[in-house]
Amino acid sequence: MTATFGVVANDEHLEVPDDLKDLRVLVVDENETSLEVLVSYLRAFSFEVDSATSGESAYRRIMDAGRSQERIYDLVLINCLLPDMNGR
């Protein structure tokens, strides 16, 4: 995946495209500082953000959302090196 970002002047306001507003996101990382930073960035875009600190807890959240009346996740951002998910 490639993403290109432009430079924004301090007085400019970034608008979230309509099709991305209210996106439900699950962020998974065992490093609580990284998790906190990413969650705060995503919430700044008005995304509905949940977090998990392990692959197992992320899996439970995804399955629970699928079984309940809760809205499923639109996007899951996961650290590919999670220790409990074969990331060593």
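Visitor: Which residues of strand S1 are buried on one side, and which on the other?
Guide: Neither face of S1 is left uncovered. Buried here stands for under 20% relative accessible area, exposed for over 50%, and partly exposed for what lies in between (1.4 Å probe, protein chains only). By that scale one side carries Arg24, Leu26 and Val28, and the other carries Val25 and Val27.

Visitor: How many of the residues of S1 are buried, and what does that say about the strand?
Guide: Let me give the ground rules first: this is a predicted model in which local features need pLDDT of at least 70, side-chain atom pairs count only at pLDDT 80 or more, and totals for chains, interfaces and linings use all residues. Residues are numbered from 1 along each chain as its sequence is written, and side-chain values use heavy atoms, with hydrogens and water left out. S1 covers residues 24-28 and is largely enclosed by the rest of the structure, because the number of its residues that are buried is five of the five.

Visitor: Which residue in S2 is the bridge partner of Val25?
Guide: Strands count as paired if DSSP finds at least two bridges between them. S1 and S2 (residues 48-52) run parallel and are joined by five bridges. Within S2, the partner of Val25 is Val49.

Visitor: And which residue of S3 stands opposite Val28?
Guide: S3 spans residues 75-78 and runs parallel to S1, with four bridges joining the two. Opposite Val28 we find Ile78.

Visitor: What is the handedness of the β-α-β unit that S1, H1 and S2 make?
Guide: Look with the strands pointing away from you: a clockwise path from the first strand over the helix to the second makes the crossover right-handed. The helix in this unit is H1, residues 32-44. The unit it makes with S1 and S2 is right-handed.

Visitor: Which element gives the largest share of the nonpolar patch?
Guide: A patch is built from residues with over 30% relative accessible area and no salt bridge, joining like charges within 9 Å and nonpolar side chains (Val, Leu, Ile, Met, Phe, Trp, Tyr) within 5 Å. This one consists of Tyr59, Ile62, Met63, Val76 and Ile78, together about 430 Å² of accessible area, a Shrake-Rupley value with a 1.4 Å probe in which only the protein chains shown count as cover for residues. Val76 lies in S3 and is partly exposed at 36%. The largest share, three residues, comes from H2.

Visitor: How are the rings of Phe45 and Phe47 arranged, stacked or edge-to-face?
Guide: Rings of Phe, Tyr and Trp (its six-membered ring) pair if their centres lie within 6.5 Å; planes under 30 degrees apart count as stacked, over 60 as edge-to-face and the rest as tilted. A search of the whole structure finds one such pair. Its members, Phe45 and Phe47, have centres 5.9 Å apart and planes at 25 degrees, so the pair is stacked.

Visitor: What is the phi of Ser46?
Guide: Ser46 sits in the loop between H1 and S2 and is exposed at 52% relative accessible area. Although Ser46 is not a glycine, its phi is positive, at about 70 degrees.

Definitions and conventions:
A salt bridge is a side-chain nitrogen of Lys or Arg within 4 Å of a carboxyl oxygen of Asp or Glu.
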